[in-house]
Amino acid sequence: MSLIKKENPIYVYDEEESFQFNSAIPFICTNSFFSKCTDLGIESEQFLNQLVKQRVFLITYAPNNRNYFHILTEQAILVCVISEDNNFTITGLQEKTVGKQNYFIKAGLKIRAEQGSVLWSGSSRVWKDQVSPNEASSHFKTVKRAFLQKLDIVQEQNGIRIDEEEEFTPISDEFEELLAMAEAYAVAEDEVQKAQAQTGPQISYYDFQAADGYERVEKVAYDFFVADIDQNMYKKGSRVVIQLDEGQEITGVITELQLEKEPLQITVLFDELFQVNQMLPAGVISLEYNSVQLEVRTNVIEDLRNGSSPAKYLDDVIGEEDFAGFEKKDLAPLTERLLNSNRPPNDSQLDAIKRGIETEDALLVLGPPGTGKTTVILEWVKHFVLEEGKRVLISSQNNRAVDNVLERLAEEKDIDTIRVGSEEKIQSNVQHLMYEQRAYELQQTINEANDHYASETESVKQKVKGFLDHLTSLEPVAESLQQTHHHLTKQYENLYQTYVKPLAGLMEKDKLEKQKITTLIEKYKEAKKQVVAFNDSPWWKKSYTFPLWLNAKRVIKTFQSKHGELINRNKHTVQEYNQLQAISEDFREEMIAPHKQKWIVMSNKWKEALASMGELATVDLQGEPVYFSLHEVKQESAQNDILQVKQACEAFYQQLDVIDGALSRWRGFLEEKKNYALSKVLLESVDLVGATCIGINSQQRFQDLDFDVTIIDEAGQIQIQNAIVPISRSKKVIMLGDHLQIPPIADQDVMARCEEGAVETELLKKSFFEYLYNRFPEKNKILLDTQYRMPAEIAELLSEWFYDGEYQSFKGKKGMETPFPNLFNKPFAIMDTGKERARGETKQPGEGYFNRLEAKVVVDLIGKIVREANPADLQQENKVSIQDVGVITPYKLQVKQIREELLAAYPHLTKEQVTALVASLDSFQGQERKVIIYSCTRSNRKKPHQERIGFLKELRRLNVALSRCQEQLVFVGDIPFLSTCEYVMTDEYGETLVDEEGNPMQGTSEKEFSDFIKLMVEYVERGKADMVPVTSRVLSNA
């Protein structure tokens, strides 16, 4: 089925990228042209007539072959070559698709030929305005070179390399149709938003004040006092613009509306800081037109078209139904851990976890109410991040769904998480994960560290400076000490060289001389003994001792001549020694003693100075010890040693100065308004990012962040133009949702704008998840089949109607008894107002419907429920408190009616309590309560075949409402009326509206709604529900 009506194709051309033909364009038709026309179902004669009249063409080189040209015409694509005769010879024909058309618009050269074209076909020719084929060919010859040069330039400028070998492959027609649809929706939505902003009502404020409780990093909030507010246009979350002085503007978002009492008040949180004196004392608040959504969507669509998006698989799975399959991984440890955990997953959850991990491209998970979708998401995230080191994007249409996942993951300290979005739309318990808060905290941490290090640096600098000051004060002492030592050493050197060393020589000389004298004396004595012995010996002995006697006589004679000489010489040596010793003593007294005394004084002074100074022990910024001390300084080199210590100390001080300056500059850098360094630090380390569909691409800093996996929650409510944004960010997507619950809300103005432009609106009324779910193979989609929330009887009803009987209940939810046995027999109760005369609805023109009887039934029932749970005090928390009850009704007026009657019946309840207690279905999406009361509201006297219940017939919304309860469901309504509707919407031909499978379209059949009510009544008959006529239980005490 075609998604876009193509009767009036619109081409957008760039006037600057055109080439002007002053003559007609010459074409030659070959036989293959006519046969191809037949193949494509094109009437050739009609085509040629249109070709002759066409004034504008788009032309590109054929992919991978610049000898061929592709020319886009109104009906098809011509495949041509330029012949030697300077004609475009048509050699083939291709079908024109949206994808190929977009490629021509992107990369083609526009040819403008004011005289159309002229054609040769065999021997016949067709031309206009008297331009012959020869004339056209001759003209083309003169401009051919310029034409080819222009075509080269245009293709190069648009990123098409002429010599590239890889052929450009346009996306499939099916995928292009989807993208064109999404683009049309985005444009229509933008046009509606722009129109509302330009023509919408303005609000005049007469005063303003700073709002309490808004402490923001880079934002400020103000309360504006106004006389009137258009609540249909200005709501909580609406973006507004306020005029400042000098024609400037400031934008923001409405965070609070105070409409209960005078003065009426609007609180606006502004996008950036500004000076309050720029605000006009009284001024105007207008709706803001913001093109960001359109830019985000169209940029993503373009990326998907040209293949630059990581999600290249989309074309394969949508256009070709070609899935990449599943990568087999060893998940045994994961399986064992999960099955041995306190809350092991059921089989379908475990299967979903495994398939999500192993799928190569896309997986759809259908998650009916209470089946633990968030639990599955948590396991995916933990596995992808902690086991595979991947970066994950968690996205959804609404902020609450994103926040619920991030809240559950907040305890995972090893997963670095950032939440992208506006603070006023994010739950308070995850606001600490916001990028701005993370950046602020990082900046504060760095600032604190900066301040700490700056303080430490300054402290160390002061210590070093004090130490340097002491060193400076010691320098004169050290200088004098070293100089004294120098002089003393010099004098000692003089003493040594002049006296000590010569005295030592004299002493040695004296010693040698005395040794000689002693030796001479000993020899003399020995000779004397020998002479005496010879004289006293007998004659016979003298004959052989005579030589000895003769030698002894020579020794005696020598002694007599040398002894005196040695004695005199030694006396002279001793005299010389004594004289030199006396002189040296004088030298010591005169030359050394004064310096020695000075040295002693200076040395004592030095020791005293060292004792008072101590040492410097610290660490540098790397934690390495730094130690300065004078204990190792030698007194004799004190001046030099101190200089070395001082130089080392000064070098360290200079390092500290450099560090101090760097810290100061870094602090100033951090205080700048835009700090991309912090952004880089944060984003490079992030593991998990949570953002709404549009939010992930709405800030430049996140647009280049790479993701490995995208997980989209509550995908059953997301239209294609929004869903494709997060999908486009990674090579793999897992979508969880339930298209059998609340569908996307189709804006009527957007639908009307699309219909005016002949654009199908089918995908505005359904989610992209539903579209894909109906097309994906079974292996790429899975049902979470076990619910843990509601009594089994309710789940069984929903399973039978919505889920083909495959939706089952956890064993703990089977066989549950009603917590209110005095009121009901079953956890599923139907309170039928059908027998009451006052059961009818009240219509308020332009506002909707309310039902007084049902409101009274609900209010009375709330009191009985809470009193039965705790008879003593309605406010006291017990098994069921007022906070455990939820009242859902489809109509805003019925919400208002019930709230008013509750406040009147129970004055001790606050407005906040009542607001939380009673709300429309959209407010309860994603919530659950122990007790849910559903008020149908509608009951009138219209005939069964007439339209009589409006949007109440949307059963998917009822699916959500009935599945919010944990212990007790009470369905309040006029059962005979609700079970007898027969109206079915039809088209202009009276045909029933059906979907692609031939079934009645969701939300178009009141008869289908009645059939569901009949099934509920049947459950009463089966003993699975309790039917309670209102008169017997309520009205008697109402």
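A residue is called buried when its relative accessible area is under 20%, exposed when that area is over 50%, and partly exposed in between, with a 1.4 Å probe and protein chains only. Strands (E, at least two residues) and helices (H or I, at least four) are DSSP runs numbered from the N terminus. The model is predicted, so that local features need pLDDT of at least 70 and side-chain atom pairs count only at pLDDT 80 or more, whereas totals for chains, interfaces and linings use all residues. Residues are numbered from 1 along each chain as its sequence is written, and side-chain values use heavy atoms, with hydrogens and water left out.

- Strand E11 (residues 221-226) is largely enclosed by the rest of the structure, because 6 of its 6 residues are buried.
- Cover is found on both faces of E11, with Ala221, Asp223 and Phe225 buried on one side and Tyr222, Phe224 and Val226 buried on the other.
- Pairing, which requires that DSSP finds at least two bridges between two strands, joins E11 to strand E10 (residues 203-210) in the antiparallel sense over 5 bridges, and Phe208 has Phe224 of E11 as its bridge partner.
- Strand E14 (residues 264-270) also pairs with E11 in the antiparallel sense, over 6 bridges, and here Gln265 of E14 is the bridge partner of Phe225.

**Strand E1 and its partner**

- Strand E1 (residues 18-21) has one covered face, formed by Phe19 and Phe21, and an uncovered face, formed by Ser18 and Gln20.
- E1 pairs in the parallel sense with strand E7 (residues 109-113) over 4 bridges, where Ile111 of E7 is the bridge partner of Phe19.

**Domains**

- The chain is divided into domain 1 (19-123), domain 2 (201-289), domain 3 (297-416 + 686-784), domain 4 (443-685) and domain 5 (792-870 + 878-1034), with bounds that come from an automatic or database domain assignment.
- Between domain 2 and domain 3, the C-alpha centres are 36 Å apart.

**Cysteines**

- With a disulfide taken as a pair of cysteine sulfur atoms within 2.5 Å, a search of the whole structure finds 0 disulfides.
- For Cys80, the closest cysteine sulfur is that of Cys29 at 9.0 Å, which is too far for a bond, and Cys80 is itself buried with a relative accessible area of 0%.
- For Cys693, the closest cysteine sulfur belongs to Cys754 and lies 18 Å away, again too far for a bond, while Cys693 is buried with a relative accessible area of 1%.
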